[in-house]
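Have the chain up beside you and follow along.

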Amino acid sequence: STSPKSKTLGKATQAAAVRLQRLMCSTVDFHAKFKANLVTLAGSWANERHVRVHPLQQGRVVSESLRGTSSHQHNPFMALTTANEDDMETSGEVFACSLVYS
């Protein structure tokens, strides 16, 4: 079976840890009323990881490096947050992913 093992604790169910060896594609569904900001990181030589915040809108979001690798110019990281730009580090929900490869 490919589903994670789980154990029941009273009325709650806790999933056991799962280690992914390879992930080629992923999708996450959010409630239609989920209002979020998209956070990405951009930069340049000696000027890495500037936080860029954009309202999340319907459509496609692409985060890519035309070099074919991550670098000081492109860090393959994205986050969705319900906080506004001024309070991102202290409030709101955050869903994030960072692609790591070699």
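In what order do the strands of the open sheet come? I looked this up before anything else, keeping in mind that the model is predicted. I found 4 strands in an open sheet, in the order S4-S3-S5-S6, with antiparallel pairing. The edge strands are S4 (47–55) and S6, each of which pairs on one side only. I also noted the twist, which averages 20° from one strand to the next. A reminder to myself: strands of a sheet pair through backbone hydrogen bonds, either parallel or antiparallel.

**Entry: S3 and S4**

I went to one end of the order and looked up how S3 meets S4. The two run antiparallel and are joined by 7 bridges. For a landmark I picked Val39, whose bridge partner in S4 is Val53.

**Entry: S3 and S5**

Next I took the other pairing of S3. Strand S3 (residues 37–44) pairs with S5 in the antiparallel sense, over 6 bridges. Here my landmark is Leu41, and its bridge partner in S5 is Asn75.

**Entry: S5 and S6**

I then moved along to S6. Strand S6 (residues 94–98) and S5 pair over 5 bridges, again in the antiparallel sense. Thr81 has Val94 in S6 as its bridge partner.

**Entry: cover on S5**

How many of the residues of S5 are buried? I counted 6 of 8 for strand S5 (residues 74–81), so I wrote it down as mostly covered, with buried meaning under 20% relative accessible area.

**Entry: Thr40**

I stopped at Thr40, which lies in strand S3. Is Thr40 buried or exposed? Thr40 counts as buried because its relative accessible area is 15%, and the cut-off for buried is under 20%. I wanted to see its neighbours too. Leaving out residues up to four places away in sequence, Thr40 touches His50, Val51, Arg52, Phe77 and Met78. Of these I placed His50, Val51 and Arg52 within the residue range of S4 (47–55), and Phe77 and Met78 within that of S5 (residues 74–81).

Val18 lies in the loop between strand S2 (12–15) and S3. Val18 is exposed because its relative accessible area is 54%, and exposed means over 50%. Which residues make the nonpolar surface patch? I listed Val18, Leu20 and Leu23, which together make a patch of about 320 Å².

Methods
Residues numbered from 1 in each chain as written. Predicted model: local features only at pLDDT ≥ 70, side-chain atom pairs only at ≥ 80, totals over all residues. Heavy atoms only, no water. Buried < 20%, exposed > 50% of the residue type's maximum accessible area, 1.4 Å probe, protein only. Pairing = 2+ DSSP bridges. Patch = residues over 30% accessible without salt bridge, like charges linked within 9 Å, V, L, I, M, F, W, Y side chains within 5 Å. Areas by Shrake-Rupley, 256 points an atom, 1.4 Å probe, with all protein chains shown as cover. Salt bridge = Lys/Arg side-chain N within 4 Å of Asp/Glu carboxyl O. Axes fitted to C-alpha atoms, helices over the stretch in contact; angles between N-to-C directions. Contact = heavy atoms within 4.5 Å.
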